[in-house]
Amino acid sequence: MTSRFVVQVLAVLRKELRQITRDKRMIAVLVLAPAVQLIVFGFAANFEIEELPTVFCDHDGTARSRALRQALTAEGTFRDLGAAADCARPELDVQQGRARVAVVFPRGLARDLAADRTAHVQALIDGTNPTVGRYAANAIVGWSRAASMPVLTERLERVAGLTGTAPSVARLSAEPRLLYNPAMESSMFMVPGVAAMILLVVTMIAASMGLAREREAGTLEQVIVTPIGVVALLLGKVLPFVLVGLFDVLLVLVLGNSVFDVPIRGSLALLALGTLLYLMSTVGLGLFVSTVSRNQQQAFMVGFFVMMPAVLLSGVMTPISSMPSWLQPLTYVNPMRYYVEVLRGVLLKAADLQDLAFPFVALGVYGAGILGMASLRFRKRLG
Amino acid sequence: MKRLTNALRRTAAIAAKEVQHILRDPSTLYLAFGMPVVLIVLFGYGVSFDLDHAPLAVLDQDGTAQSRDLARSLTATREFEIVATPADAEGIERLFRSREASAALVISSGFAEHLRRGQEAPVQVLLDGSDGTMAQAVLGSATQLVAATIGTPPIEATATLLYNPALRSAVFFVPGLIAYVMAIAAVLLTALTVAREWERGNLELLFTTPVGRLEIVLGKLAPYLGLGLLQALLVLSVGTALFDVPIRGDLVLLFFAALLFLVGMLGQGLLISAVTRSQQLATQVGAISSLLPTLILSGFLFPIENMPWPLQVLANIFPARYFIDALRGILLKGAGLGVLWPDLAGMAAFAVFVLAVATLKFKRGVA
């Protein structure tokens, strides 16, 4: 009984593999696509904000204002593009896209500082991208505080000279330190995210379309009249995509490690287990999608409809804790969320099974559930 | 003249057939109009880089009123929520590994003493660098923390945020979403529909009729052009209604830009179908060649100027960046043709090129 089952599965698997490999272009796509996506994502998905093009309107034109301008651009967040095109309307450069930031130094800045008055520096920031806008605003304010310190100390010293007490400025200094990713390389956390995305696309969409093609061509019904059982048929059909998925993970890991220096700090066995559990979910989803669609076009659309929210609600792009509270529960029914946790945990933090118990259990439950449900639906539709 | 009206009639016949085809299969319409709404709601509400109750661990080795005040002041803005108070640095790492906390504040002993003596009182902020978007946001807040204690500084900077003063992410994402949704529908739907015709041999049949190549192409594309424009209108309406996305510029210019972009995307879909002639392959090629550039290489999510130069060159080839640039210009900045003409020229060049190649490929395939 069992040996016959294995023979049946292998027979379907062989036929399926032959069909996939017959179209050489399809192999190229299944292998090339993940590589291209990883490279593009790894290099392009850069959350670092630096060298924002900045124009200046220096109405003061003193050595003091020039020094302040230099201090502002020295740290790397802003790049000095020179003077604004029209200082009567400094926002013009920002509107026309030449600059992201326009900084205006007021006339009399040096005089005000010398006379113990407050000098007001104005920064016009392109807020189109909220992340960049907020970061630039913070950096400007941070710069003004840093530039204020010597002035403040100097004033205090002058006062101290008069009263004879020692000058002191109480202040906090926070030194942020990044664990696991000290240089804050975007690729470090994007590569695991991209791996999870690629797996979802390749296994879910390809599996659902492969099955939908059989339905479109009417060949599924033909296979059903043979002695091959439904379970053997299903296994044989989805196994090639699991293999392709495993290969893609390996490819992404090797590329990520060699091109982007993404470390593999944890156990590879744990990673393999997590990947298998995740593949159960994605293939199960693909199977499910194929049962609700009549043809390839529909399968793709439904698959796509599942994929986009899965990516958005996975925590790859934005922190889950930043989502509104009514949306956060939805991330718990998203297998990608758990797999990203497993990947980032194992690769970057050397997390062990105990650390990752929750995502592992969740992936297992989800995979078994969706696979079982999809198989039932599949059997019903055929029967 | 007679020839032209005949050609138009044949084109219209093909288009009418395609429209019927779309209407018969409601899933196409569902994708075309349901998906944008789902995406815009998800992006508008869900995609936020703002810190909101970020899980924070506090290791207070000082244990004074001042140190407790500092920890409390961090949670006052609701950016952070204290989820744990580990006993040592080891405990922080354990919390990071199990994802229970993503940032930690370490206040070493003597903190209050330092402050009292008017010295620099160091605190340490530890971040889980494996979740970069979060880390980036916390880094921003950390600088604010330092700043909080100085009082009125001699140099005061006021930062004015133009175009999006409340820094709402929807305002930023909606223009990108319009391009994204239009690219999906235009490239993938055309690629899939036409590839299906190739798969079934329907096109060979059509080629034997008096209908010309260009007429087939135009007739096939026209309905999807209409679909795409309706989509743009839908996303724009939902964006302005739900998320107060402003429309500061000229709507006519906006639709002209959308038209140029769509023609390019449809041409790309056509080209993919003519080259692959298989739906499965067309999907994968379409996804890589349209979704990836629109999502990643367009300025939709990540600024192009931060990318390495080979990717910047690549980004300049795909029309998505021009379209998103034009959309943001028109919607948020109220920019006109004088500023945006390079974007329109870029899209037009792509459209002309890709349509020419697609029409050529369409012919050779039959021979």
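Predicted model: local features only at pLDDT ≥ 70, side-chain atom pairs only at ≥ 80, totals over all residues.
Residues are numbered from 1 along each chain as its sequence is written, and chains are lettered from A in the order in which they are written. Local features need pLDDT of at least 70, whereas totals for chains and interfaces use all residues.

Begin by selecting both chains, where the contact takes 95 residues from chain B and 98 residues from chain A, two residues being in contact if their C-beta atoms, placed from the backbone, lie within 7 Å. On the side of chain B, the largest share, 13 residues, comes from helix α6 (residues 132-147), helices being DSSP runs of H or I with at least four residues, numbered from the N terminus.

Next, select residues 26-46 of chain B, which form helix α2, with 21 residues and a reach of 28 Å from the first C-alpha to the last. At G34(B), shortly before the proline P36(B), this helix has a kink of about 30°, the bend being the angle between axes fitted to the seven residues ending there and the seven starting there. Its buried residues, among them L31(B), P36(B) and F43(B), have 20 or more other C-beta atoms within 10 Å of their own, with C-beta atoms placed from the backbone. They pack against α11 (296-312) of chain A together with α1 (2-24), α7 (169-200) and α9 (213-243) of chain B.

Finally, select residues 279-295 of chain B, helix α11, which bends by about 30° at A287(B). Because 14 of the 17 residues of α11(B) are buried, this helix is largely enclosed by the rest of the structure.

Key. Helix = DSSP H or I, 4+ residues; strand = E, 2+ residues; numbered from the N terminus. Expected span 1.5 Å × (residues − 1). Buried ≥ 20, exposed ≤ 12 C-beta atoms within 10 Å, placed from the backbone.
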